[in-house]
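This report concerns salt bridges and the surroundings of selected residues. Please keep the sequence and the structure in view while reading.

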Amino acid sequence: MTPRLAALALAAGLALTGCTATQQPPDPATRAESLWSARTPYVGDSSKVTALVQHVRPEPAGSYAIRLQTASEPYALTIDMADADDLTEQAALTHQATLLLGLVENLDEVTMASATSTYTLTSADASADLGYDVKDLGRELSTLTAYVRSEGDD
């Protein structure tokens, strides 16, 4: 199956069945270890990316569908959030997108979209905001744990 067909099949399946986020452990170290075990080198590994998106919890109160852009660089992930309101005022989006960018090694861009707005973060922008390479989140558990603690992620 081609990457494009795999992404379409994944998006269609998620759109039909919906995804709901699961509650994660409140301890930041445990949360970081859970995220660490979900990381993946390739955005094209749709099952691992889907699991990671569930760990990151892009929309705790509703359903979403994901689309993967794996045919050519920049490799991207789009999360279509069915129940989200205006995304421009949700500060958690940066944190969630940063985690995804850090934990999917070849992911270059994350977009979260609602019916009325979109939010996009690139690896370069996330790295500039962090002051270090965002990919370090997926290379060093201690860096990921510190980031989860600093963001109050629970």
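How do the side chains of D133 and R139 meet? They form a salt bridge, with a distance of 3.1 Å from N to O. The model examined here is a predicted one, and every value in this report was computed from it.

**The salt bridges**

By the rule applied, which requires a side-chain nitrogen of Lys or Arg within 4 Å of a carboxyl oxygen of Asp or Glu, the model contains three salt bridges. They are set out below.

| Salt bridge | N to O distance |
|---|---|
| R67 and D80 | 2.8 Å |
| D133 and R139 | 3.1 Å |
| R139 and D136 | 2.9 Å |

R139 takes part in a salt bridge with D133 and in another with D136. Through these shared partners, D133, D136 and R139 are joined into one network. The cut-off for a buried residue is under 20% relative accessible area. R139 has a relative accessible area of 48% and is partly exposed, and D133 is likewise partly exposed at 32%.

The salt bridge between R67 and D80 has its closest N and O atoms 2.8 Å apart. R67 belongs to strand β1 (residues 64-69) and D80 to strand β2 (residues 76-81), so this pair ties together parts that are 13 residues apart in sequence. R67 is partly exposed, with a relative accessibility of 42%. D80 is also partly exposed, its relative accessible area being 25%.

**A residue in helix α3**

Where is T50 placed? T50 lies in helix α3, which covers residues 46-56. With a relative accessibility of 12%, T50 counts as buried. A polar atom of the T50 side chain lies 2.7 Å from the backbone oxygen of S46.

**A residue in a loop**

A84 is located in the loop between β2 and α4 (92-103). Is A84 buried or exposed? A84 is buried, its relative accessible area being 15%. How far apart are A84 and A113 in space? The distance from C-alpha to C-alpha is 8.3 Å, while 29 residues separate A84 and A113 in sequence.

**Summary**

The three salt bridges include the pair R67 and D80, which links strands β1 and β2, and the network of D133, D136 and R139. Buried residues described above include T50 in helix α3 and A84 in its loop.

Definitions and conventions. Residues numbered from 1 in each chain as written. Predicted model: local features only at pLDDT ≥ 70, side-chain atom pairs only at ≥ 80, totals over all residues. Heavy atoms only, no water. Helix = DSSP H or I, 4+ residues; strand = E, 2+ residues; numbered from the N terminus. Buried < 20%, exposed > 50% of the residue type's maximum accessible area, 1.4 Å probe, protein only. Polar contact = N/O pair within 3.5 Å; in protein donor to acceptor, adjacent residues only side chain to side chain.
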